[in-house]
Amino acid sequence: MNPVDALSEKERATPAALQEPPPPTRTRRRKVVLILILVGVAVLALGVVRHIRHPQQRRAFGPPGFARRGFGPPPFFGPQASSDVVSVAVARAALGDVVIRIPGLGTVTPLATVTVKTQISGYLQAIAFTEGQLVRKGDFLAQIDPRPYQAALDQAKGNLARDQAQLADDELDLTRYADLIKQDAVSGQQLDTQKYLVAQYVGTVESDKAAVDAAAVNLAYCHIVSPITGRVGLRQVDAGNYVTPGDTNGIVVVTQLQPITVIFPVAEDEVPVIEQRLASGATLEVEAYDRSDSKRLAVGKLLTLDNEIDPTTGTVKLRAEFDNRANTLFPDQFVNVQLVENVLHQQIVIPGAAVRRGAPNGVLSTFVYVVNANHTVSVRPINLGVTDGDNVAVQSGLKVGELIVTEGADRLRDGGKVQLPRHIS
């Protein structure tokens, strides 16, 4: 038998499950096709993402087509392109007054704070004030039982009347003895004794008068009045209690509010200038602001300086007075203080937002962008003076009326074009 025929018969006799698998050509093709499909999907997704992000980058870094043209960095990272026009806000340099201010942190301090205490001992009969009430000097505050002191006054008056009568009798006797001594009816010793007896009762009467006055004072102390004009605080004792001069808390505290003062420190370097201004007769204005330093509470004047510098802080305390008619200042309140040291007139003033600092021409300086007639800008170095709030004085480098850029200068370069607001010609 032919071996090939025998092999074919053997293969036919072998079950299909035991036969060898066909070559893997089709399986490899399927895998390759699947990989190509996945790569294509990934490339398509990447293209979509780049297409979505590309307009955002154009809007963030330059005009449309900037990234496609491959111009590199955006305009404000390099020289401003001649075709780019930047919208800006502008202001004109003008003449004005500049205020030189010395800032400080002050404490509101009343000119007078009085703890009302009783001068005598006794039962507190009545409280005549309301807590927080505004009172004037001499207003009735409280009443102590006056009966013991009224009795003492009456007794002192009785003693005075008795001793005055005795003095009058002794003076009559002295007159009689003076007449009898001429007739040799009495001895000189009797006359001298009577003289000294009269002098003794004169002293007694004077003592009685003083006792009457003391009793009257004690009786007056039963009626307690306000020693100053101000606001009363919370009462420290209630009616019906026995009060004495030794009570440390007293009955109530009265604080003067109008006028009121603020004590604040300034650096010792400022003292010579302040003293010079005060010596020349100038009235230095002081402004008090709230804790956030945004709202002005009151305007007053500087009263005086302390007589020594604190060596631990290098500062000296100043006292300023405010009329406080609106009661905007409260005792022990912390306030921000602005001492107006001087006012400079006829200064070239510009907004502080227009001032730039850098080296546009290779030299570190302070400069502004000046708008030219052809709507381009030029870098102009300036020398600054005193800063007053949002404005600053210019010592040199600018002229009155020149137009300067206040907003939008971050994208400007020397010679760049600008678009001005409509109301600016």
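# Chat about a predicted model

Colleague: Which residue stands opposite Leu124 in E7?

Modeller: Ile144 stands opposite Leu124. Keep in mind that this is a predicted model.

Colleague: How many bridges pair strand E5 with strand E7?

Modeller: Three bridges. E5 covers residues 122–127 and E7 covers residues 140–144. The two strands pair in the antiparallel sense.

Colleague: What order do the strands take in the open sheet with E5 and E7?

Modeller: The order is E8-E7-E5-E10. That makes four strands, with antiparallel pairing.

Colleague: Which are the edge strands there?

Modeller: Strand E8 (223–225) and strand E10 (242–243). Each of them pairs on one side only.

Colleague: Let's stay with E10. Is Val243 buried or exposed?

Modeller: Val243, which lies in strand E10, is buried, because its relative accessibility is 2% and the cut-off for buried is under 20%.

Colleague: What is Val243 in contact with, leaving aside neighbours within four places in sequence?

Modeller: Its partners are Thr118, Ile120, Ser121, Gly122, Leu124, Ile144 and Val237.

Colleague: How far apart are Val243 and Leu124 in space?

Modeller: They are 6.6 Å apart, C-alpha to C-alpha. In sequence, 119 residues separate them.

Colleague: New topic. Which strands make up the open sheet that includes E11?

Modeller: E4, E11, E9 and E6, in that order. The pairing is antiparallel. Strand E4 (113–116) and strand E6 (134–135) are the edges, each pairing on one side only.

Colleague: How many bridges join E4 to E11?

Modeller: Four. E11 spans residues 252–255 and runs antiparallel to E4. One of the bridges links Val114 to Val254 in E11.

Colleague: And Thr255, buried or exposed?

Modeller: Thr255 is in E11 and is buried, at a relative accessible area of 14%.

Colleague: Which residues is Thr255 in contact with beyond four places in sequence?

Modeller: Pro110, Ala112, Thr113, Ile228, Gly230, Arg231 and Pro331.

Colleague: On to the hairpin of E20 and E21. How many residues sit between the strands?

Modeller: Two. Gly389 takes a positive phi near 65 degrees in this hairpin. Strand E20 (residues 383–388) and strand E21 (residues 391–396) run antiparallel, joined by four bridges. Leu384 has Val394 in E21 as its bridge partner.

Colleague: Helices now. Where does Asp163 lie?

Modeller: In helix H4, residues 147–180. Asp163 is buried, with 6% relative accessible area.

Colleague: What does Asp163 touch, not counting residues up to four places away?

Modeller: Tyr201, Thr204, Val205 and Asp208. Asp163 and Thr204 are 6.7 Å apart, C-alpha to C-alpha, though 41 residues apart in sequence.

Colleague: Which residues form a nonpolar patch on the surface?

Modeller: Val33, Ile37 and Val41. Together they have about 270 Å² of accessible area. Val41 has its place in helix H2, residues 25–61.

Colleague: Last one. What is the mean pLDDT of the protein?

Modeller: The mean is 84. Also, 84% of residues reach 70 or more. Over residues 6–11, though, pLDDT is below 50. That stretch has three contacts beyond near neighbours in sequence.

Colleague: What about residues 54–77?

Modeller: Residues 54–77 stay under 50 too. The model has 25 contacts for them beyond four places in sequence.

Colleague: How should low pLDDT be read?

Modeller: Where pLDDT is low, the predicted coordinates should not be read in detail.

Technical notes. Residues are numbered from 1 along each chain as its sequence is written. This is a predicted model: local features need pLDDT of at least 70, side-chain atom pairs count only at pLDDT 80 or more; totals for chains, interfaces and linings use all residues. Side-chain values use heavy atoms; hydrogens and water are left out. Two strands pair if DSSP finds at least two bridges between them. Buried means under 20% relative accessible area, exposed over 50%, partly exposed in between (1.4 Å probe, protein chains only). Contact means heavy atoms within 4.5 Å. pLDDT is the predictor's confidence in each residue, from 0 to 100. Patches are made of residues with over 30% relative accessible area and no salt bridge: like charges are joined within 9 Å, nonpolar side chains (Val, Leu, Ile, Met, Phe, Trp, Tyr) within 5 Å. Accessible areas come from the Shrake-Rupley method with a 1.4 Å probe; for residues, only the protein chains shown count as cover. A salt bridge is a side-chain nitrogen of Lys or Arg within 4 Å of a carboxyl oxygen of Asp or Glu.
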